[in-house]
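Subject: Structure for your files

Hello,

Here is the structure I said I would pass on. My notes on it follow below.

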Amino acid sequence: MCGNNLLRGLALLLLPLADPVALADSPSERPRARDLGIMIGAFAPGEHNAITDVAGVAVGHTTVIEGDDIRTGVTAIIPAGGNLYTHPVPAWIHVGNGYGKLLGVTQVQEFGELESPILLTCTLCVWTAADALKEWTYRQPGMGEHTINPVVGEVNDSIVNNMWAEPLKRAHVFSALDNARGGPVDEGSVGGGTGAQTYRWKGGIGTSSRVVSNDVAEYTVGVLVQSNLLAGASLTINGAPVGRELEEAVAERTLESSSAAVAGKRDGSIMMVVATDAPLDARALERLAMRAMMGLARTGAIAENGSGDYVIAFSTNDAVRHQRASDRPVRTSTLLGSAMNPLFAATVDATEEAVYNALFKATTVESVRGKLAAIPVETVVPILDKYNARRRD
């Protein structure tokens, strides 16, 4: 297993660097961080460098672009196959900064279990999304009459989206859930990231993964972010002070809004979802979730006053996934704390890279309310080279 991981890493290092200018000029082909030679950490990513590298995890998006002021959507993450109510997965939700509208927190923290898919959408779309998720869940095989705990997170996309117009509909949520798949994940200005900003540039959905192994087993950690964070902080990429170097470009570009309140908005939010196939119970997942905040901090984040920074972590391993109810004790095989360090590192690295992927893959989005411009790849690459932040062939 160690040899396979090493070969995967060597293969990635031998890939040629992409032409940043050509990619930047083609919105549908904008690069991911690794396309630009930005390598984070020592562990290799999984096959798709995505949260879906954790077997059984599926992701679906619905992007909602309507008229001159609706720019939003919803992203669905289905943690595992089967009935999540009768057989929930171990989970934890870590609150980095609690200025947000995340539904379902207290029950997950009470039981240490996740019994529904996860939805990511806009701030005032949360309740519509939760109602649709409730209906969708009751339509799944094996569901009876009982309460469920929908988990729905959000970011404020009002710079370009009129979220007061109730832009998200039941059909949008059903589409994201019904079309959730494994494999490659669309990133940038899609789904719940359609109207998001990141460090005053266009943000959105980003994902990354890491594979760690020892003489006993091989585990995957995957992270997906809905990045709408920190307009007031300064972007750092692989240690390079990119935000500081881009200050002149930021001052020159247009970020307009018809609302003075939105124009003056400085804080932001981010939802981080961490999946793993390592056998971790809720306590271990709590510790893992906390490390995602460290990966976020590497990008320059400071968890501003008005920022909702949340981490939802879960394990798909059958050794820790049990039926919901039993009168008898159940046996659980979970990793001890002494085995957690590689998983901690994988979470930190994958979170950091997921934020960069959200930035680089995002395309410019504008409406009558305002404009969020894609980060200029052709300007960022020389900055990265100035600080030796890219791999050199």
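Which residues in helix 9 meet which residues in helix 10? From helix 9 they are Arg-287, Leu-288, Arg-291, Ala-292, Met-294, Gly-295, Leu-296 and Arg-298, and from helix 10 Leu-343, Phe-344, Thr-347, Val-348, Asp-349, Thr-351, Glu-352, Val-355 and Tyr-356. Contact here means heavy atoms within 4.5 Å. Helices (H or I, at least four residues) and strands (E, at least two) are DSSP runs, numbered from the N terminus.

This is a predicted model, in which local features need pLDDT of at least 70 and side-chain atom pairs count only at pLDDT 80 or more, while totals for chains, interfaces and linings use all residues. Residues are numbered from 1 along each chain as its sequence is written, and side-chain values use heavy atoms, with hydrogens and water left out.

By class, the contact of helix 9 with helix 10 has nine nonpolar, three polar and five charged residues. The two helices pack at an angle of about 45 degrees, with their axes 7 Å apart. Helix 9 is therefore oblique to helix 10 (under 35 degrees is roughly parallel, over 145 roughly antiparallel, 65 to 115 roughly perpendicular, the rest oblique). Axes are lines fitted to C-alpha atoms, for helices over the stretch in contact, and angles run from 0 to 180 degrees between N-to-C directions.

For helix 4 (residues 126-138) and helix 5 (residues 170-178), the axes come within 9 Å and cross at roughly 55 degrees. That makes helix 4 oblique to helix 5. Ala-129, Ala-132, Leu-133, Glu-135 and Trp-136 in helix 4 meet Arg-170, Val-173, Phe-174, Leu-177 and Asp-178 in helix 5.

Cores

A nonpolar core is a set of buried Ala, Val, Leu, Ile, Met, Phe, Trp, Tyr and Cys residues joined through side-chain atoms within 4.5 Å. In the largest one, of 55 residues, Ile-38, Ile-237, Val-242, Leu-343 and Phe-360 touch the most other members. Helix 10 gives the most to this core, with 10 residues. Apart from it lies another core, of 28 residues, among them Val-54, Ile-93, Leu-102 and Ala-275.

Gly-191

Gly-191 lies in the loop between helix 5 and strand 7 (197-198). Its relative accessibility is 0%, so Gly-191 counts as buried (under 20% relative accessible area; exposed is over 50%, partly exposed in between; 1.4 Å probe, protein chains only). Gly-191 and Thr-75 are 116 residues apart in sequence, yet 4.9 Å apart in space, C-alpha to C-alpha.

Regards

Technical notes: Ala, Val, Leu, Ile, Met, Phe, Trp, Tyr, Cys and Pro count as nonpolar, Asp, Glu, Lys and Arg as charged, and the others, Gly among them, as polar.
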